[in-house]
Amino acid sequence: MSASDDVWILGIRMTKFGKHPDLDTVDLAAEAAIGALDDAGVTMADVGVLAAGNLMNASAGIGQQLQKQIGQTGIPVYNVANACATGATALRTAIMAVKAGEADYGMAVGVEKLAGAGLLGAGGVKRGDAKTWSPSGRYGAVAPIDGRIGTETMPGVFAQIGIEYDHKYGGLSFELFARISEKNHAHSTLNPLAAYQKKFTLEEIMGDVMIAYPNTRPMCSANCDGAAAAVVCNGETLKSLSLQQRRRAVKVSASVLTTDPYEEGCQVLPNVNTLTRNAAGTAYEQAGVSPGDLDLVELHDCFATAELVHYDNLMLCEEGGAAEFFNSGATWRDGSTPVNVSGGLQSKGHPIAATGIANIWEICHHLRGEAGDRQIANAKIGLAHVIGLGSACGVHILERSAA
Amino acid sequence: MEVGVAGQVPMVDYLVLDDGEPHLVANECASCGARFFDRRNACAKCFATQFTTVPIATEGTVRAFTIVAFAAPGVPTPFVAAVIDCDGTQVRANLTNIEPDPEHIRSGMDVRLTTYSLGEDSEGTTAVGFAFSPAV
């Protein structure tokens with residue numbers, strides 16, 4: 001084993017996203033992991049490191065639980081938790097181990113059971129049962145803050161992030177945000193693994209239940225069950241494999257994880273912009289590509305308002321130009337920079353820890369030319385982005401094999 | 001709102017009721033000037049550990065908002081959550097005395113601090129919260 005700058009995705013798989021009442025997290029993780037191993041043409045005997053994430057049950061050791069079902073070989077396991085960036089963090093952990101020369105093959109797995117879960121991010125403190133007002137916590141609060149001092153719910157936080165963009169640059173409207181959702185739901189009709197494959201009219205989206213203005217229900221990510229897994233290897237190892245394996249391998253041209261650097265106000269309303277821009281900038285530099293080279297992008301559209309700001313943060317458009325960029329049709333699947341052709345989190349679904357690997361699966365599927373009806377023709381380079389509030393941002397740039 | 005200080009407790013410790021008009025205060029880094037509302041261990045910007053307490057302007061402009069229609073159990077809806085730029089310091093708060101309707105709220109609107117009662121506890125102490133209302 002030796003340190004290598006060259007890391008490849010050899011095998012990758014996502015489960016169908018949606019409701020899996022008869023499968024537990026280990027079943028879903030096992031389905032994805034065994035699928036990824038089969039896709040790679042290797043077994044657990046080859047894998048030298050495992051990184052795994054299951055955010056809603058982060059202390060349970062999903063990596064070891066998975067090993068007990070699919071193969072206990074004594075390799076190191078890194079159980080990771082990084083909010084909605086958990087899957088990307090698991091993948092990046094496996095990539096770092098392979099890159100450092102600690103293992104020839106690594107595997108990353110992300111899994112979540114979230115079907116039927118309600119609103120995420122809302123404070124769980126019971127209200128109104130205090131006998132006397134007594135201050136507690138870092139704000140010395142005598143009562144729960146959520147709902148009294150702004151909102152801690154995800155739809156509300158990301159709604160403000162979209163409105164803030166409008167405040168800075170203008171040109172946005174409820175209808176424009178709804179049109180982004182219209183695009184992603186339309187895209188999802190071509191994805192058999194999406195939790196929802198239903199096309200919505202603009203009127204249906206705007207007329208649906210309001211969650212946090214301007215995000216209505218179909219403009220919010222869909223809670224669902226699902227898992228995704230990837231097997232990575234270094235370039236030297238890939239050279240020893242079959243032509244078929246080399247042809248289907250996808251090059252990891254950039255793998256970046258960032259957190260939010262301090263900026264005024266970032267502890268008041270999370271700043272999801274700067275850490276994404278930083279991650280993207282580093283990734284483009286690592287990969288030696290520019291945004292204009294991307295054939296497709298899977299970005300973290302946890303809410304319609306989020307997708308819009310990330311056009312700008314990923315530098316797909318000029319600074320301040322996200323509305324114009326979207327209005328030009330660029331991000332539809334027949335546009336110049338197709339975004340979320342999988343249907344995105346709003347329709348494909350968002351089983352949190354699986355998301356950061358599932359979006360890479362989508363890109364790989366196109367780069368391998370295996371995406372069927374929704375194939376982006378002749379796709380060579382793609383970018384996958386996730387963000388977890390708190391915050392963590394993962395950006396991966398992937399390239400088709402020349403073999 | 002005229003409130004006697006005795007028998008009152010602010011909803012959060014950065015709301016000051018007993019020093020002139022009600023206002024918010026922040027922990028300002030003595031080294032770089034970064035402002036924080038929570039109890040601090042060190043400065044997130046420059047890592048210094050000395051802070052002073054500074055008053056925050058009671059008037060500001062809405063920088064971002066949302067109208068929350070669906071919230072955690074027990075949270076009354078709809079309500080307007082916002083980020084207010086108070087003379088350069090960002091403040092999180094609800095907007096009050098305003099229709100929770102996009103026709104009536106816009107970013108950039110001028111607002112000012114106001115206080116309200118959260119109710120009395122079993123010892124007769126009133127908790128006082130804050131929000132921002134349109135500056136007329």
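Author: Buried takes 20 or more other C-beta atoms within 10 Å of the residue's own, with C-beta atoms placed from the backbone. Strands (E, at least two residues) are DSSP runs, numbered from the N terminus. This is a predicted model: local features need pLDDT of at least 70, side-chain atom pairs count only at pLDDT 80 or more, and totals for chains, interfaces and linings use all residues. Residues count from 1 along each chain as its sequence is written, while chains are lettered from A and ligands numbered from 1 in the order written.

Reader: Which residue stands opposite A:A108 in β4(A)?

Author: Strand β2 (residues 49-53) of chain A pairs with β4(A) in the parallel sense over five bridges. Pairing takes at least two DSSP bridges between two strands. Opposite A:A108 stands A:A51.

Reader: What is the bridge partner of A:G110 in β7(A)?

Author: β4(A) and strand β7 (residues 226-234) of chain A run antiparallel, joined by eight bridges. A:G110 points the other way from A:Y105, A:M107, A:V109 and A:V111, and all are buried. The partner of A:G110 is A:A228.

Reader: Which strand gives the most to the side of chain B that touches chain A?

Author: The contact takes 44 residues from chain B and 40 residues from chain A, with C-beta atoms, placed from the backbone, within 7 Å. β6 (59-68), β7 (79-86), β8 (89-95) and β10 (126-134) of chain B each supply at least two residues of that side of chain B. With six residues, the top contributor is β6(B).

Notes
Two residues are in contact if their C-beta atoms, placed from the backbone, lie within 7 Å. Helices (H or I, at least four residues) and strands (E, at least two) are DSSP runs, numbered from the N terminus. A residue is buried if 20 or more other C-beta atoms lie within 10 Å of its own, exposed if 12 or fewer, and partly exposed in between; C-beta atoms are placed from the backbone.
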